[in-house]
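Thanks for coming, everyone. Let me put the model on the screen and walk you through it.

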Amino acid sequence: MPVTQITLLPGYSPEVRERLVARVSQAVASVIAAPPAGITTFINEAATYQRDGRVFVAGNHAHPVATEVVQAFLSAMQARDLDRARAMLAPGFQMQFPGGVRFTTLQQLVDWGRQRYRSVAKTFEAFDEAWRGDTCVVHCHGTLSGEWPDGQAFAGIRFIDRFEVQGGLLHRQDVWNDLGEHRPRS
């Protein structure tokens, strides 16, 4: 059964260490057909090391949990706290919605949404993360509920959102949903 060792410099919180051990163990399980009980991953701590002629005594900062960044953004958007949501966006942030509709500002999205519904809320079923280099792709899915412009309620409409998170900021959002399939026809 696989045994994986990680060596860190001092200064990482227990939460960061737990995340690292869990992620490395998941990576091992994705390559080696071993049951979770057969995978051992542990951390050693080095007090000091030298690289490229420089001596290091502390580790680098840890990435925020990408799913938590996405959840905070979606919560701010649902509350229409655009200033808080905007603080989570990287320069050049882009959004794409059903029908190929693209936005570069949150106000554009809010203005567009007013034509489609009076209110909308998301119920989340799951969040999934996948890393590509220094970018984490977060998918979330669940259902939408709310009110159409005429005040009629809707619920149970499927959605999937895909986010690209880098350095704790959102760089891109892609949205797919069945809202158009359920929209009342005039």
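In which sense do strand β8 and strand β9 pair, and over how many bridges? They pair in the antiparallel sense, over twelve bridges; β8 covers residues 135-147 and β9 residues 153-166.

Before I go on, some ground rules. This is a predicted model, so local features need pLDDT of at least 70 and side-chain atom pairs count only at pLDDT 80 or more, while totals for chains, interfaces and linings use all residues. Residues are numbered from 1 along each chain as its sequence is written, and side-chain values use heavy atoms, with hydrogens and water left out. Helices (H or I, at least four residues) and strands (E, at least two) are DSSP runs, numbered from the N terminus. Two strands pair if DSSP finds at least two bridges between them.

Back to the hairpin of β8 and β9. Five residues lie between the strands, and Gly-151 takes a positive phi near 95°. Across the pair, Val-137 stands opposite Glu-164 in β9.

Next, β10, residues 169-177. Eight bridges join β9 to β10, and these strands run antiparallel. β9 and β10 also form a hairpin, with two residues between them. Gly-167 in that turn has a positive phi of about 60°. Look at Glu-164 again: Arg-172 in β10 stands opposite it.

Now the whole sheet. It is open, has six strands, and runs in the order β6-β5-β10-β9-β8-β7 with mixed pairing. Which are the edge strands? They are β6 and β7 (119-132), each pairing on one side only. From one strand to the next, the twist averages 15°. Angles here run from 0 to 180 degrees between N-to-C directions, with axes as lines fitted to C-alpha atoms, for helices over the stretch in contact. At the β7 end, 13 bridges join β7 to β8, again antiparallel. There, Trp-131 stands opposite Cys-136 in β8.

Contact means heavy atoms within 4.5 Å. α4 spans residues 106-116, and its buried residues are Leu-106, Leu-109, Val-110, Trp-112, Gly-113 and Arg-116. Seen down the axis of α4, these fall within an arc of 170°, so they line one face of the helix. The arc is taken over the directions from the helix axis to the C-beta atoms. Buried means under 20% relative accessible area, exposed over 50%, and partly exposed in between (1.4 Å probe, protein chains only). Arg-114 and Gln-115, on the other side of α4, are exposed. What covers the buried face? The cover includes α2 (66-78), α3 (82-86), β5 (89-97), β6 (101-103) and α5 (179-182).

Last topic: charges. How many salt bridges does a search of the whole structure find? Twelve. A salt bridge is a side-chain nitrogen of Lys or Arg within 4 Å of a carboxyl oxygen of Asp or Glu. Take Arg-162 and Glu-164, whose side chains meet at 2.8 Å, N to O. Arg-162 is buried, at 15% relative accessible area. Glu-164 is buried too, at 19%. Salt bridges with shared partners join Arg-162, Glu-164, Arg-172 and Asp-174 into one network.

Elsewhere, Arg-84 meets Asp-81 in a salt bridge at 3.3 Å, N to O. Arg-84 is partly exposed, at 35%, and Asp-81 counts as partly exposed, at 31%.
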